[in-house]
Each structure stands twice: as C-alpha cells, then as structure tokens.
Amino acid sequence: MGGQTKTVIKDISTKQPYFYRYSSEFVEPDWHRLPGYRQVTEAEWNSAIWQKRNLVKSVRQLKEVLGSHLSDEIVEDIRKDQTDRSTMAMLVPPQMINTMNEHDLKNDPVRRYMIPLFSERNIQWPSHPKAQRDSLHEHEMWVVEGLTHRYPTKVLAEIVSTCPQYCGHCTRMDLVGQSVPQVSKRKFALGQKERLGQILDYLRRTPSVRDIVVSGGDIANLPSEILEHFVTGLLEIENIRDIRLASKALMGLPQHFLQDEVRSMLERLAKKAFERGVALAMHTHINHANSVTPLVAKASENLLAMGFRDVRNQGVLLRGVNNSQRALLDLCFRLVDHGRITPYYFYMCDMIPNAEHWRLSVAEAQTLQHQIMGYLPGFATPRLVCDVPCVGKRWVSQTHSYNRELGISYWTKNYLTRIDDDVPDALNKLYEYYDPVDTLPEQGQQYWAKYNA
Ligand code: SF4
C-alpha cells in the first residue's frame with residue numbers, strides 16, 4: 001500500500017526502571033541444604049508442632065542449624081547485639097531460617113531484621129533522641145487493658161503478648177515478648193478471660209466503633225478455642241462490621257494455619273462472618289519477597305477458600321531489607337502473582353530505641369512511593385505510611401511541612417484521639433515525626449548532637 005507508513009511497536013519493557021516478567025517458578029527452598037535440617041522429613045517440616053518445637057531461640061541453636069555457614073564473627077556479633085542493643089528476644093521458626101541465604105548471611109534481608117548484628121546498628125545514633133519504647137502511645141490510649149482506641153471508628157485489640165517469631169524492629173517492643181537485657185517488658189495486669197471480656201464489653205457499649213484489628217503479639221499464639229470465643233463475641237456485636245485478624249505467622253509459620261483444627265475453627269468464623277455481613281480478613285506482615293513461599297501461598301489460599309474477604313500484607317520499610325524500588329515491587333508481585341495476598345501498607349519503621357539503622361527518612365519513603373506507582377493494579381499498590389505519634393497513619397506524602405535540615409516533618413490530624421481531652425486545639429496543632437539523624441545534612445546532625453548534650 002503505497003504511501004502508508006507502518007507503525008513499529010517497540011517492546012520497551014526492558015528499558016523500564018523496573019522490569020517485570022511473570023515467572024511461574026515458585027518452589028519451597030529445600031531445607032535439607034542446611035546442616036541442622038538434613039534429616040528433617042517432609043511430614044515433619046509441614047507439621048506446626050515440629051516447627052514450634054524447633055523454634056530457634058539462641059545463638060547455640062542457630063549454630064546447630066547453620067553449622068559452618070554461621071561464622072564465629074557473626075556469632076559474636078549477634079551475642080553482643082543481644083546483650084547491648086536488642087529490644088526483642090531471638091525467636092525464629094525453621095520456616096523463616098529456610099528463606100535465608102546461608103552463603104551470605106551478613107547481607108541476607110530476612111536475617112537482617114530477624115537476627116540483627118551489633119555491628120549493623122548505628123554507632124553514633126543507635127536511637128533517635130526522641131525515640132520511645134511505646135512510640136505510638138498505644139498504652140496511653142488503652143480504654144480497657146489491651147484495647148487501643150485511637151481512631152474514631154476503629155480499635156486495636158492486643159489480645160496476646162507473644163508471637164511464634166520475634167522481629168528485631170517490633171513496634172510493640174514495650175509489651176511483646178519476654179524481657180531482654182535492654183528492655184523489661186510491660187505485663188498485662190488482668191487475666192486473659194477478664195481482659196477479653198472487658199474488651200467485648202467496651203465494644204458493646206461503644207456503637208461508634210465498627211472496625212477492629214485483633215492483634216497482639218500474634219493471634220497464632222492463642223489457643224484456637226480462645227480466639228474462636230473472642231471473635232464469635234465480636235460477631236455478636238451489631239456495630240462491628242470489619243474484623244481483621246493479624247498474624248505474621250501466616251508467613252513465619254504457615255504450618256500453623258494448615259492444621260485441621262485451626263482450619264476448622266477459622267472456617268466456622270468465616271462462615272458466621274459471611275452470614276452476618278461482616279468482613280473478616282487476615283492481615284500479615286511480610287517484608288521481603290524471599291519469605292513468600294508455596295506453603296505461605298497455601299495457607300493464604302485456604303483462608304480465601306473458607307470465605308475470608310481478603311488476605312492483606314502490612315510490611316515495614318527497613319533499610320537493608322526492602323528500601324529499594326526493586327525490593328518492594330519484587331515483594332508485591334510475589335504476593336499478588338503467587339501468594340494471593342494483597343499488598344496493602346508499608347509502614348515506616350517506628351521511632352523505637354535502637355532502630356535507627358533500619359529507619360528511613362520521610363523523603364526516602366516519599367521517593368519509594370513514587371517509584372512503585374503504576375506497576376501494580378491500583379487495588380494492590382501499597383500505600384507507604386508514617387504512623388505519626390499522637391496522630392495515626394498518614395500517607396507519606398501528607399506532610400503539612402517538612403524541615404529537611406533538621407529532619408522534622410509536621411503533620412496534622414482530623415479527629416481526636418483518646419489522649420486529646422486536655423489538649424487545647426488538638427485539631428489545629430502540628431505533630432512531629434523525626435528522620436534518622438545520620439540521614440541529615442551536617443547542620444542537622446549538629447543540631448541533634450547539641451540537643452542530646
Ligand atoms: S510478629 Fe508482629 S508483634 Fe510479633 S514481634 Fe513481629 S512485629 Fe512484633
């Protein structure tokens with residue numbers, strides 16, 4: 001056809017800042033490669049009881065599992081961290097150990113946040129001068145023991161104070177886990193039955209609350225009958241329309257959710273929730289693509305098949321773990337392509353003690369949010385959020401103003417929290433969040449050095 005020009009459509013996918021191609025390869029890493037797991041059978045590996053019996057709780061046990069892959073230098077580094085810096089005890093399920101690269105443990109992203117090294121912490125600024133052990137003031141917002149009422153229509157129930165895995169950056173380091181040399185933990189004063197009863201009573205008499213996060217700790221550490229009794233109680237409260245169960249163990253110990261007894265209990269709850277028009281969802285906490293394995297996907301699929309409305313991921317942005325466009329998008333694609341898990345939030349790491357080496361500045365988080373836009377479906381594009389003390393979650397782009405030199409971002413809020421009763425003009429105040437000092441220009445660093453002096 002003379003005179004007509006032919007349009008050549010070029011494939012520019014390889015030129016994109018992030019290159020995506022679907023890969024059907026999705027296999028459980030072979031645990032037999034690790035010295036301590038050579039003799040472990042498939043039946044044992046898939047058993048929640050075996051996983052729980054073999055939780056790694058000490059450097060000695062870690063050495064037994066990893067053998068010569070764990071050098072003496074790293075052993076000493078972990079030991080020093082445990083005495084001088086760590087805010088959480090060591091507790092790592094075999095399932096999580098098996099997702100680490102034994103040939104490069106120093107740089108492994110999962111090791112970096114689950115088993116921190118002393119040498120990784122920030123030497124000059126291990127903690128921000130404004131860091132606090134309950135940095136989100138959750139305890140101050142307890143309306144009854146363990147129930148944080150911060151937002152107008154939503155509450156957070158901390159119904160158990162332990163987990164089957166302890167993360168180095170845990171925001172609830174004030175309450176969660178056993179005491180460690182650096183932190184003596186807060187203890188619940190009430191017995192479990194009375195505490196859960198008081199939470200249900202509060203919700204019955206507070207019709208303005210419609211949405212509850214049932215968390216801890218990790219709900220996987222609650223006996224099934226207690227969790228079922230509590231959630232059934234919630235389902236009987238007319239005003240409760242959304243229930244989100246929170247468990248990192250869906251990733252850390254998916255075997256727990258594949259046990260017959262746990263599955264039957266969750267299935268009964270999903271059925272009841274559906275009949276009552278209540279949205280029951282599971283929220284998990286996955287920080288790296290390597291953690292999403294076929295067993296995790298199976299546990300998630302099961303929940304959806306039972307009638308759970310969704311399985312969503314709330315990760316935490318951590319330097320050296322996932323602070324790049326590639327790491328975040330790899331994780332999100334693994335979640336949606338293989339895990340049937342919706343990427344929902346990435347939180348900025350909270351201002352708890354000894355967390356500076358993990359934390360990012362607000363500016364870095366804003367850049368990452370920009371970098372991940374447009375690749376995933378809109379409904380699965382996670383929001384990067386800053387949990388601003390005394391305010392709550394804000395999208396990282398929602399700063400009112402931002403002093404980059406001092407690393408202080410200012411935020412506003414549009415509702416009153418439980419601790420605002422005596423705060424004049426709480427709705428017009430500016431609330432502060434602080435960037436890690438070592439990310440600041442020289443003058444900013446000098447400001448905080450003087451502040452600390
Ligand atoms: S699972 Fe959640 S509550 Fe438990 S230690 Fe990790 S971050 Fe904290």
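Let's start at the ligand: around it sit Cys 163, Gln 165, Tyr 166, Cys 167, Cys 170, Arg 172, Val 176, Gly 216, Gly 217, Asp 218, Lys 248 and His 285, where being near means a C-beta atom, placed from the backbone, within 6 Å of the molecule. This shell splits into five nonpolar, four polar and three charged residues. Here Ala, Val, Leu, Ile, Met, Phe, Trp, Tyr, Cys and Pro count as nonpolar, Asp, Glu, Lys and Arg as charged, and the others, Gly among them, as polar.

Keep in mind that this is a predicted model: local features need pLDDT of at least 70, side-chain atom pairs count only at pLDDT 80 or more, and totals for chains, interfaces and linings use all residues. Numbering runs from 1 along each chain as its sequence is written.

Next, look at Ala 249, found in helix α9 (residues 249-252); helices are DSSP runs of H or I with at least four residues, numbered from the N terminus. Ala 249 is buried, because 27 other C-beta atoms lie within 10 Å and the cut-off for buried is 20 or more. Leaving out residues up to four places away in sequence, Ala 249 touches Pro 164, Gln 165, Asp 218, Ala 220 and His 256, contact being C-beta atoms within 7 Å.

Now for the largest nonpolar core, which has 104 residues. Such a core is a set of buried Ala, Val, Leu, Ile, Met, Phe, Trp, Tyr and Cys residues joined through C-beta atoms within 7 Å. Val 92, Val 214, Ile 243, Leu 317 and Ala 365 touch the most other members. Helix α13 (residues 325-339) gives the largest share, six residues. Domain 1 (32-119) and domain 2 (142-385) both contribute, so this core lies between them; the bounds come from an automatic or database domain assignment.

Notes. Buried ≥ 20, exposed ≤ 12 C-beta atoms within 10 Å, placed from the backbone. Helix = DSSP H or I, 4+ residues; strand = E, 2+ residues; numbered from the N terminus. Contact = placed C-beta atoms within 7 Å.
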